[in-house]
Amino acid sequence: MNLFHFIIISNTIAVSVLFLGLAEGDRLLDIPCKVCGDRSSGKHYGIYSCDGCSGFFKRSIHRSRVYTCKAAGDLKGRCPIDKTHRNQCRACRLKKCFEAAMNKDGK
Ligand SMILES: [Zn+2]
Ligand SMILES: [Zn+2]
């Protein structure tokens with residue numbers, strides 16, 4: 001191994017370590033919303049959740065909303081709640097908030 005090769009290899013290692021470090025850091029900061037899987041903005045009502053879900057939960061609790069799932073048959077109460085579908089069924093979204101242990105006294 002001559003000096004030229006040594007420089008190439010040590011640069012490659014340095015770059016890999018840097019990338020691994022960034023990926024690790026990203027994962028720590030990027031905790032998904034427990035309700036819809038979107039990027040959370042920290043803990044709200046006791047769980048990691050996005051602004052959308054925490055706002056939705058807040059509105060639902062404060063106004064004592066009761067939602068009804070409009071899906072029929074086997075799908076009733078089982079609507080997919082993710083980033084794209086979270087606004088489609090408020091009943092299932094609120095249910096998922098509770099399932100994820102969201103609570104109005106949580107911090
Ligand atoms: Zn969410
Ligand atoms: Zn539903």
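Reply: The protein chain has an average pLDDT of 85, and 73% of its residues score at least 70; pLDDT is the predictor's confidence in each residue, from 0 to 100. This is a predicted model, in which local features need pLDDT of at least 70 and side-chain atom pairs count only at pLDDT 80 or more, while totals for chains, interfaces and linings use all residues. Residues are numbered from 1 along each chain as its sequence is written, and chains are lettered from A and ligands numbered from 1 in the order in which they are written.

The protein chain contains three helices and two strands, arranged along the sequence as α-β-β-α-α. Helices (H or I, at least four residues) and strands (E, at least two) are DSSP runs, numbered from the N terminus. Among these elements, helix 3 has the highest mean pLDDT (97), whereas helix 1 (residues 3-29) has the lowest (57). Where pLDDT is low, the predicted coordinates should not be read in detail.

Helix 3 spans residues 90-99, and its buried residues are Cys92, Arg93, Leu94, Lys96 and Cys97. A residue is buried if 20 or more other C-beta atoms lie within 10 Å of its own, exposed if 12 or fewer, and partly exposed in between, with C-beta atoms placed from the backbone. The buried residues of helix 3 pack against helix 2 (51-62). After helix 3 comes Ala101, with a positive phi near 70°.

Cys97 also belongs to the residues with the most contacts inside the largest nonpolar core, together with Val35, Cys36 and Cys53; this core has 15 residues. Helix 2 and helix 3 are the elements that give two or more residues to it. A nonpolar core is a set of buried Ala, Val, Leu, Ile, Met, Phe, Trp, Tyr and Cys residues joined through C-beta atoms within 7 Å. In soluble globular proteins, nonpolar side chains tend to be buried together. Leaving aside neighbours within four places in sequence, Cys97 is in contact with Val35, Cys53, Phe57 and Met102, where contact means that the C-beta atoms of two residues, placed from the backbone, lie within 7 Å.

For the chain as a whole, 21% of the 107 residues count as buried. Of the contacts with a separation of 6 or more, 42% are between residues 24 or more positions apart.
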